[in-house]
Structures are given as structure tokens and as C-alpha cells.
Amino acid sequence: MGLFDRLTGLLGLKKKEVNVLVIGLNNSGKSTVINHFKREDDRCIDIVPTVGFNVEKFAFKNVGFTAFDMSGHDRYRSLWEHYYKDCQGIIFIIDSSDKLRLVVAKEELDMLLQHPDVAGRKIPILFLANKMDLPDSLTTVKLASGLGLDRIQNKPWHIRATNAVTGEGLQPAIEWLTDQIRDIYINKR
Amino acid sequence: MNAFKRDKKEEEDGGGNPFQNMEKTTVLQEARTFNDTPVNPRKCAHILTKILYLINQGEQLGTTEATEAFFAMTKLFQSRDVVLRRLVYLGIKELSSVAEDVIIVTSSLTKDMTGKEDLYRAAAIRALCTITDGGMLAAIERYMKQAIVDKSPAVSSAALVSSLHLTSVSGDVARRWANEAQEALNSDNVMVQYHALGVLYQARKSDKHAVTKLVSKLTRTSLKSPYAACMLIRMACKLLDEDEGAGELYEFVESCLRHKSEMVVYEAAHALVNLGRSGSRELASPISVLQLFCGSPKPALRFAAVRTLNKMAMSHPAAVTACNLDLENLITDSNRSIATLAITTLLKTGAESSVDRLMKQIATFVSEISDEFKVVVVQAIRALCQKFPRKHAVLMNFLSAMLRDEGGLEYKAAIADTIIAVMEGNTEAKEAGLAHLCEFIEDCEHTSLAVRILHLLGQEGPTSKQPSRYIRFIYNRVILESASVRAAAVTALAHFAASCPPLLPNVLVLLSRCQLDSDDEVRDRAAYYCAILQQQNDPTLLPLIQPPLLSIPSLEGALRNYIRSSMDQPFDISQVPPAQTVEEPTQTEILSNIKQQPRLTREESFMEKLSQIPQLATVTRDCPLFKSSAVCELTESETEYNVKCVKHSFANHLILQFDCLNTLTDQLLEDVRVTVEPPEGYTLIGEIPCPRLAYNEPGTTYIVLEYPKDIQASVATIPTTLRFTARDCDPATGIPDAEQGYDDEYMLEDLEVTLADQMRGSAGRGLDFSAAWDAAAARGFSELEETFALGASVTTLEAAVRSLIGFLGLGAAELSDRVPSGTVGHTLLLGGVFRGGKQVLARARLALADEQVTMQLSVRSPDPDVAELITSSVG
Ligand SMILES: Nc1nc2c(ncn2[C@@H]2O[C@H](COP(=O)(O)OP(=O)(O)O)[C@@H](O)[C@H]2O)c(=O)[nH]1
Ligand SMILES: [Mg+2]
């Protein structure tokens, strides 16, 4: 990886930097997901509930991601909006086994979509139906309809079942997001 | 010359400061750059520095502004620039008290404090603690405990110090983390050990027994860190001052005089000389240490030693004399602060003969030292004038030269105060002092000081040898100065006219000119004084020119009552207590510039409290509080309950205020009262119980009595008892058991109502005693005269004067409370008011023979009963 970095640098293919916001209810697996994206020697061993937020960095396909891993605890959810303005992508994580709080997740999503800093922008949203390994977790189809994703008109979105502990499903998901970001922000410039 | 001036001005404006003339709104606007991706560390660091600069200049940020800047700043966490990150920590600390939702950075900071980047860890801990509130404490506890025992000293120290700061968030933090602190105490690092000791002390602070144990354990080990050793010395001395653990601790502190670190040695010496119990024998070894330090090549040690000696010079002059030779060597020290302290110490302890030489030495560099040290010099001179009255001429000249120098208000005021004090203590110095002050106000840039001096000239000038010479100086002010100075000058002129009839015609001419002044206040004063002075020669007019200084809140209250009354009697101003005269402390602590706040008198502040109690309104509504006694203890110290009493006298009533304290952890007292048996003639009007008295929470109960109609019966002894319902309770929580309480009582000491409780001394410098004494005869006051032989405990005239003033509660006039030394006869002139506004004048002729003082006491008062009461209570 180190060698690759240097090569792209030499070839003038400078890494593009983007900010993504990682949100979702507490305990949905946000920090675990981001931890998985990081280089193996950078990863934390034990993940504790986030208080406030954390900034993490990782790279994928020559795009440098700066991820704002927000706390999903209800005390902090109102603070997400401070970080809407300057992000180029959103990862919205749902605990697909937490049927009880699906309505809460929907409510937060609605608030996000209506927010002035988000509503009018063509900003890709990646939904991760996390904890797919757990028994009676909801399918992506059920989640999509539960969250009312088909309403989203002006933004590219994508939903994917994942297991953040094993990493299953994460690779194609981040690939989708990277392509979207590349299309919207990088190639256009 | 012009160019030079400009340069100087620029320098004052902060010439080379790149941050000057910054505007808050512009800077906050720039802070939006923080939101940009990618972050530009250099640019952001510069903007953040500006914000920090503004905050440190005292700029206030509103909540919204601060919150916006704070959240923008949180985005900088994405940058890996070390400098920027550390600035972010500072920003968090500064904004944490203003911005909202600052806990948003908790995880980011805990990540940094546990991360790999050592440069982040300590600073992140400090920032984290400023954003942590009681609710968040649990979330960071684990990290803090780990950090305290971290192997990096910086991290461990930061965590320990932060735990101390966190005690303001949650009181028991130190106790909860004491195990970790105990481990940190074994650290090899000097700072960590010191900070760990701080936390351990904090954890035990409220438990004296535990502190004693900690200290005595540590005094037996030897702490590696000199800082920790210094702290241990302080802890030991605090215990010693509280009479705890005596001998062993004292030996420990003394042994520290032989410590290998100079810092510890100094700390021990300083502690020993300041220990209340130290006598001359105990002082010898610490003094010899300080003496040694006086000769040290290190300026800091010399300074510390000489500063300590300077402070001691007042309390232990003899002990300090041992170092005179060493101090002499320091008077030419190139460090002027050391030299000043050395000279002023010598002045305080030295002989009269060395005064001239030392003053000459000081004069060579007084212009080079800062105002703060000049004030030290002035204070030393003041002490000298008291000690060597004959030297006043040299010292006065020196002071007047200092007065002509440049200097700030505080310094100038200290000089003027000293001149005034010297004049008061020494009539010979008065003429010279007034002349110096006159000269000074010719060119005085401080309005407040000019006003004070003009007031003083008005007070003292008329009785000087040649009053007319001051008129010109004063009138010059009327022509040249600002309105407030002009007004003061007008009042001073009026004082001269009122007390020196020969000057009256001329002053009237001047005052009539002042009636054309452009300022309302000046004109009003001039018109008022002209009107009064034109009525000539009526001695009763004098108080109208020099009104007594009355307590303004009491005067206001009395006038309001008067307006509510039918107003057919003239208003009686003698009911109104005088204003607090701010007594200058005679031994001002050197280098401590504590400002005297304008304060309320005891009576004013008590009245404020009493008038808030509805049950007392019958007394407090109609009548001002006449006098509040000193506090009397009705219990021995260290008893279960502690009761103190203050006696508040009104014209016809006596309110007894009992302040009670319950020192039993396992008892809750309810319905607490102090019951009294009213002595003959007294009537019990009411009592106000204290509903509950929990452990260590003070409570107050009151008794209202009416004074007897017969004034003679008012001096009495009142037996008192504390009564209450006691309930047992859990010592830890203070929650009482379910059981019913039981009634109990507790005998208290008897309470004495004395003459002084009902008398207010008023005389002071304003009163011309012989005029008043004669006027009293003319107005038909009754007079009583008796001769007494004072008891065997009074063997000197000074003691007789002191006990007489204390006993009668009267005030001395014309400085007659100062007994010239070596005399065998003295006349004490006293004045005051008895409750109900009855004037009292007394003259005591004292004679000393064979250690026996005899006294002929004459009392004049409009009320014969009052005069009788006074003579009868002396006998
Ligand atoms: N079984 C399972 N557990 C997961 C998965 N993702 C996360 N978790 C667990 O869910 C808990 C919460 O994860 P965390 O990343 O802290 O959630 P956050 O609050 O959204 O940041 C942790 O105990 C994770 O180990 C998953 O895909 N499957
Ligand atoms: Mg998390």
C-alpha cells in the first residue's frame, strides 16, 4: 500500500480528498464499519460507544476519505447537522435487526433529507443494512420500503446488506459510493 | 522631539503587534475557513491564534458566536497537523465555558489521549477536562484512571492536575482516583510526584485525621521531588497551626532546613518564621538560613530571603536585626527590587541614626523602581514616622520629593495618605505637611486625590498657624480645575470662612464669584454656603457647613419614616448613626495592594438582614438600628452546640440575635430557641425560633425585648438557655430517623447588657470639645461629677484610657486617647450619643501615682438619667 501511494504520487495521480458523514442510530455499527475500512494496523481493537464524533481517515481506489463518525445517541443526533454542509457523501447505517427502532431511523432520515444543507444537493447516500448475520434481520427490500427510500428523487442512493464484524458486503458498498463521488465531484471538476 | 513623541505613542499602541486593531466579527467570519476541505493548516492555525488572542484580550463572545466558532473548529480534527491540533485544544479550553454542546469533542479527545501521538496526549487530557460535566464524568473515568498511571510523565501529570480541576465538577473525583494517585506518588518524575501528592491531599482534605496520617507517613519517607517536599511542608504547617500533631511535624519542618534542594530549604525557613508559635529561640535557625541566602549569587534566592525578612521586620524586629550586615550588602544590589526590600527592612529595624543614610541611598534609585516597590518605600517611611517622630522633617521632605515625581494614582495616594497620617500623629509636622500637599495639588492629575486633599485642607487648615495662606492655593483650584475639584475647593473655602471669622469677608467675595460657575454643583454649593455664612457668627451654623458623616441608608430610612409621620416635631438627626469611617490598617501588608472597598457599617449590614425578617418589622420599620454589639460567645469552644450572640440596640428595643451551630453529625435539631428570663423592667416582646438546625449548617434565632422605662435598669444580666427538639439521624446522610424527637435544653452563659451596647461614640477630629462642652452648659445639660480610684488591674494611664473608652462606648475627641509617654496626668475628652439620640459629653481627668490611677469623671447630658447611669456604672 505504501509503495502504491508513492507511485501514484510520482505519476502525478494525486489522491483526491473527500469528506463523508457516517450517521445512523446508536449501536447500528457505524464505528465498526469505519474501523473496517481503515488499514489493518490502524484499527482499534475494541470499539466503545462514540461520544460526540470521531474523525477517521481511509483510502479507497485512490480517493482519500475523511469520515466523520457521528454518535448516534439521541443526545447528539441534533448535532449532526453541523457537519452536513461540507460533506460529499453520506453513509447511513441501519441495524437491520432492530425492528423496534426502524421508525426512529426513518424519522432521522426524514430530518436529514429536509435539512436545507442537504435537500437541494445531489449528494450520494449509501444505506448499509448492517448486522445481516443476526437472526430475523430485515431484508434490504423490507428496509427500503420501511424507510421510504423510493421517495428520494434528486440523490443517487444505494442499499446493501452488510456485516461490519466480518466485513461482508462492505467492499462493493464503498465501491459504489466511491464511483458516485468520483462522478459527481472529481471528474466534473 | 515630535518624532520621538510619535514613536513613543506607537509603542504604547502596541507598534509591532501583528494582531492590533483586530475586529471580532471579522475574525469570526474568517473562522468559516475551518469548514473548507481540505483543511489548510497554516491558514487555520493563524485564524485560530487570532481568536485565542481576542479572547485573552478580554473580548466577550456571545453563545451563538462561540458555538458557531466551536463547531467550525471541531472540523479541524480531520487535519493531522500537530501545531494546528494543539491550537484546537487551546481553542476548546477557551470556548468550553461559552459555547454550547461542547461535549461533541469527547470521543475525539479520548482518542487523542489514548493514541500513539505523544504530543497530543497530555494536552488532550487537559482539554477534555474542561468540557466534562457531571453527566459525562463516568464516560471518561476509565481513561483518566489509566492516564494517571501512564508511564509518560507529561500524561500522568496532566491527568493528575485535571483531576484536581474536576473536583469542581464532582467533589469526590479525587477520592475515587486516589488509588491511581497513590501509585503515581511513587513516580521518579518530580512533577508527577508533586501533582500526585496534590490529588491525595485533595482526597483527604476534609478529614483532618486522614491528612494527619498522610503527612506523618510521608514525613518518614523521603520525597524525591522538591516540589512535593515543599507541599508537604505546607501541609505540615497547616496542621501545626491548627495544633495538630505538634512535635514530630515541627521536627520534620526543621529537618528540611538541611534538605539538599534550596527550594525546600527556603520553604522550610519561610514556613518556620511564619508559624504562629515561633519564638525567638525557634527563629534562630530559619533566620540563619535566610541570612545565608542573602549572600547567594542567585537573585531569586536573595529576593526570596530579603522579602521574607522584610515581612518579618514588623513582627520580629529583633530577630531580623541579626541579618543587618547582610542586608547592608544588599542595598546596592543591582536588582532594584532586592535593594528596595533590603533598605526598607533596615529602615523598619534600624536605629534612628541610620535613617538619614538609608534615605539618601534610596533616593539614588527611587526613580528606577516600579510603582509597586515605591509603595513599599512609602509604607516603610510611614512606619518610620511613627517610630521616630523626630525624624519627620527628613521624611516629609523625602515624601514631597516623591510626590513631585512621576507616578500612578495608587502610588501618589499612598504618599498623600502617609503625609496625612504623619500630620495626624505629630502636630509639629502639620504645617509642613499642609504646605507639601498645597504644592502638590497645584499640579495633580488625579481628580480623586485632589478632592481628598482639598477636603483635608478644609478640615485642618483653619486651625493651622496661618490659615490665610491656604486660601490662595484653594482658590487657584476654582479657577483651573475640573468641576468636581472646583466643587471640593468651594467647600474647603467655606470651612475656612466658618471657622476663621477674620477670613469671612474675603471668602464671601470669592464664593460669590463661584456662584457664576458653569457647573451646577459648584454654583449650588457656593450659593448654599454664601447664604449660610452671611448670617454670621452663629455657632450653631457650623454643623451646616461641616455636616457629620451619616450613614446614608439609615438617613434615608429615617427620613422616609419622618415623611410618613405627622411631621409636627422637627426631624431628629441625632437618631441616625454615623457612616463607617474606613480605618486604615496601621500595618499595611507590604506588597499586597488590597483595595479598601467602600463598605457598609456593621449596623447598616445588620439592619439590611434584620429588616428582611417580617416578625421583626414592628421594631425595624419605625426606627434605625442604633448600635450592634460585638459578638459574644455563649458557649465554650468545642462543645456540642455553639451559640454566639449579637445585641442590636434600637431607641427603645433590644433585639438579641443568636447564631447557633450544631456540631453533632447524628442529630438534627428542630424548633431551636434561646429562651431568656427578662430582667426587671424589661418586657419580652417576642421570639423567632429557628425551625431546623442540621449538622454544621448555621441557623439563627431571635429574641425581642423592650428596654426598661427606667434607664438605670437597662444595664443587666440575662440568663439564657438553648431549647430544642432533638432527632437522631444518620450521620452520613443527615436524614432523621422516623422516631419522634425529644425536647432538650442546654445551659448557656449569661448575657450582659452593658452601657457600651447602648452608646455610640462620636467625636473624632471634627469635634471642638471645649466649645461643645461649654455649649452643653449653656443649653442646660445636667452635669454629674465623681471621683474614682481605678482597680488594681489598671496600672498605667494608657490602660486606663483604653478600658474607659471600651467600657463607656464613647469616642475620644481631639486625639485625647493618645497619652504622651512619661506623663503622670492626662485628660481624656469623650463624646457620644445614648440610644434615643441623647448627647453625652464626658471629661476624665486621670492622675497616676504609685501605679494607682485616680479619675475625676464629669459627664454632661441633656438627660440626667443618662448622666447618672454613666457615673453609676463606672463605680
Ligand atoms: N452481529 C453484529 N454485530 C455488529 C455488527 N456491526 C456492529 N456490531 C456490534 O454492534 C455494537 C455497536 O457497534 P458500534 O460500531 O459501536 O455502533 P455505533 O454506535 O453505530 O458506532 C458493537 O458491539 C459491534 O460489535 C454486525 O454487522 N453484526
Ligand atoms: Mg460509534
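**Labels and the values behind them**

Modeller: Let's start with surface: chain B exposes about 42,400 Å², and carbon and sulfur atoms supply 51% of it. Bear in mind that this is a predicted model.

Colleague: What is the accessible surface of chain A, and how much of it belongs to carbon and sulfur atoms?

Modeller: It comes to about 9,300 Å², with 54% belonging to carbon and sulfur atoms. Buried residues make up 51% of the 189 residues in chain A, and in chain B 49% of the 875 residues count as buried.

Colleague: How many helices and strands are there in chain A?

Modeller: Chain A has 7 helices and 6 strands, and along the sequence they follow the pattern α-β-α-β-β-α-β-α-α-β-α-β-α. Chain B has 38 helices and 18 strands.

Colleague: What share of the contacts in chain A with a separation of 6 or more comes from residues 24 or more positions apart?

Modeller: That share is 75% in chain A. For chain B, among contacts between residues at least 6 apart in sequence, 63% join residues at least 24 apart.

Colleague: On to the ligands. Which residues come nearest to ligand 1?

Modeller: Asn27(A), Lys30(A), Ser31(A), Thr32(A) and Ala164(A), out of 16 residues around it. The shell divides into 5 nonpolar, 8 polar and 3 charged residues. Helix H2 of chain A, residues 30-37, gives the most to that shell, with 3 residues.

Colleague: How do you know which residues coordinate the magnesium ion?

Modeller: A donor has to be an N, O or S atom within 2.8 Å of the metal. Ser31(A), through OG, and Thr50(A), through OG1, coordinate the magnesium ion (ligand 2) at 2.1 Å, so both count as donors. Water is not among the atoms, so the site may look incomplete.

Colleague: What does that pair tie together?

Modeller: Ser31(A) lies in helix H2, while Thr50(A) is in the loop between H2 and strand E2 (53-60) of chain A, so the pair ties together parts that are 19 residues apart in sequence.

Colleague: Why are Ser31(A) and Thr50(A) called buried?

Modeller: Buried means under 20% relative accessible area. Ser31(A) has 16% and Thr50(A) has 14%, so both get the label.

Colleague: And Asn27(A), is that buried or exposed?

Modeller: Exposed takes over 50%, and Asn27(A) is at 58%, so that residue counts as exposed. Asn27(A) is in the loop between strand E1 (16-23) and H2 of chain A, and has a positive phi of about 70 degrees although it is not a glycine.

Colleague: What makes Ile381(B) a buried residue?

Modeller: Its relative accessible area is 0%, so it is under the 20% cut-off. Ile381(B) is found in helix H23 (residues 371-387) of chain B. Leaving aside neighbours within four places in sequence, its contacts include Met359(B), Phe398(B) and Leu395(B). Ile381(B) and Leu395(B) are 14 residues apart in sequence and 6.8 Å apart in space, C-alpha to C-alpha.

Note on methods
Residues numbered from 1 in each chain as written. Chains lettered and ligands numbered in written order. Predicted model: local features only at pLDDT ≥ 70, side-chain atom pairs only at ≥ 80, totals over all residues. Heavy atoms only, no water. Near = heavy atom within 4 Å. Helix = DSSP H or I, 4+ residues; strand = E, 2+ residues; numbered from the N terminus. Nonpolar A, V, L, I, M, F, W, Y, C, P; charged D, E, K, R; others polar. Buried < 20%, exposed > 50% of the residue type's maximum accessible area, 1.4 Å probe, protein only. Contact = heavy atoms within 4.5 Å. Areas by Shrake-Rupley, 256 points an atom, 1.4 Å probe, with all protein chains shown as cover. Donors = N, O, S within 2.8 Å, 3.2 Å for Na, K, Ca; no water.
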